[in-house]
Amino acid sequence: MSDDLVPDALWERIAPLLPSRPPRRHRYPGRLPADDRAALRGIVYVLRKNVRWRDVPAERTGCSGVTAWRRLRDRTEAGVWPRLHEVLLAELRKAGLLDMDDAATDGSHIRALKRGAHTGPSPVDRARPGSKHHLITDRHGAPLAVTLTGGNRHDVTQLTPLLDAIPLIRGLRGRPRHRPGRLFADRGYDCDKYRRILRARGITPKIARRGVPHGSGLGKTRWVVERTFTWLHQFKRLRIRYEIRADLHLGLLQPACSIICLRRLRTSF
């Protein structure tokens with residue numbers, strides 16, 4: 001069976017984070033649970049190919065799509081995905097591949113086919129139900145944190161929750177890093193109130209102002225977050241929100257960020 005879906009480098013990092021299974025009953029133990037790695041293959045397959053869960057090919061992944069969905073639910077509720085992301089960010093920092101002196105943030109609209117938490121009338125899609133991905137990256141485009149809101153939420157209102165979502169990034173001696181030195185953002189974040197909030201946190205705001213002609217030069221640093229959105233949307237399941245449960249859509253978004261971090265680690269050695 002091919003392991004192109006879950007390479008050894010990914011499995012070695014996620015396996016220690018998985019919760020232990022309850023002991024099987026001696027009498028009437030039932031069917032043997034599906035292998036954890038096979039279930040992860042099913043999750044990654046849906047993330048990449050955007051097929052229905054019931055259409056996941058068991059002959060390729062090693063488990064049914066229903067089992068993969070249940071494991072996604074269980075791993076999301078157990079908080080596995082944020083811990084995996086934190087582990088990979090620490091590895092990037094230890095390897096000197098994480099530069100938090102500069103960071104960039106932006107938001108991206110996606111259509112939500114089913115109503116649920118964190119959906120709203122999208123202002124860019126004729127008020128159809130939509131959601132929004134909010135992302136902050138380091139200077140090189142490594143995703144530091146991602147959040148999910150309704151499609152009608154303004155980007156600037158999610159700036160503080162996004163900064164709060166950055167984990168304590170270890171990997172080097174001393175105090176863990178959890179905030180950037182400077183933050184670059186487009187005109188959608190132009191608000192003096194939030195500039196003051198950033199400065200109070202020790203972050204220098206580099207935000208374009210409305211009404212000022214283009215050519216400020218901020219785009220030379222800010223473009224990396226747009227590239228990271230392109231990387232995220234290469235995972236076809238993230239282009240449109242199919243999940244009613246917001247936590248499950250975020251449970252697909254977070255491992256995608258971890259895979260992007262892992263790719264940077266693997267291509268830098």
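## Exercises on paired strands

In strand E5, Leu183 is the bridge partner of Ala103. The model is predicted, so local features need pLDDT of at least 70, side-chain atom pairs count only at pLDDT 80 or more, and totals for chains, interfaces and linings use all residues. Residues are numbered from 1 along each chain as its sequence is written, and side-chain values use heavy atoms, with hydrogens and water left out.

**Exercise 1.** Determine which strands pair with E1, and in what sense.

*Solution.* Strands (E, at least two residues) are DSSP runs numbered from the N terminus. Two strands pair if DSSP finds at least two bridges between them.
- Step 1: E1 and E5 (residues 182-185) run parallel and are joined by three bridges.
- Step 2: E1 and E3 are antiparallel, with nine bridges; here Arg111 faces Gly130 of E3.
- Step 3: E1 and E7 (residues 240-241) run parallel, with two bridges; Ala112 is opposite Arg241 of E7.

**Exercise 2.** Describe how E3 and E4 are connected and paired.

*Solution.*
- Step 1: E3 (residues 129-138) pairs with E4 in the antiparallel sense over seven bridges.
- Step 2: In this pairing, His134 lies opposite Thr147 of E4.
- Step 3: The two strands form a hairpin with four residues between them, and Gly141 in the turn has a positive phi of about 100°.

**Exercise 3.** Explain why E1 is described as largely enclosed by the rest of the structure.

*Solution.* Buried means under 20% relative accessible area (1.4 Å probe, protein chains only). In E1 (residues 102-112), nine of the 11 residues are buried, so this strand is largely enclosed by the rest of the structure.

How values were computed
Buried < 20%, exposed > 50% of the residue type's maximum accessible area, 1.4 Å probe, protein only.
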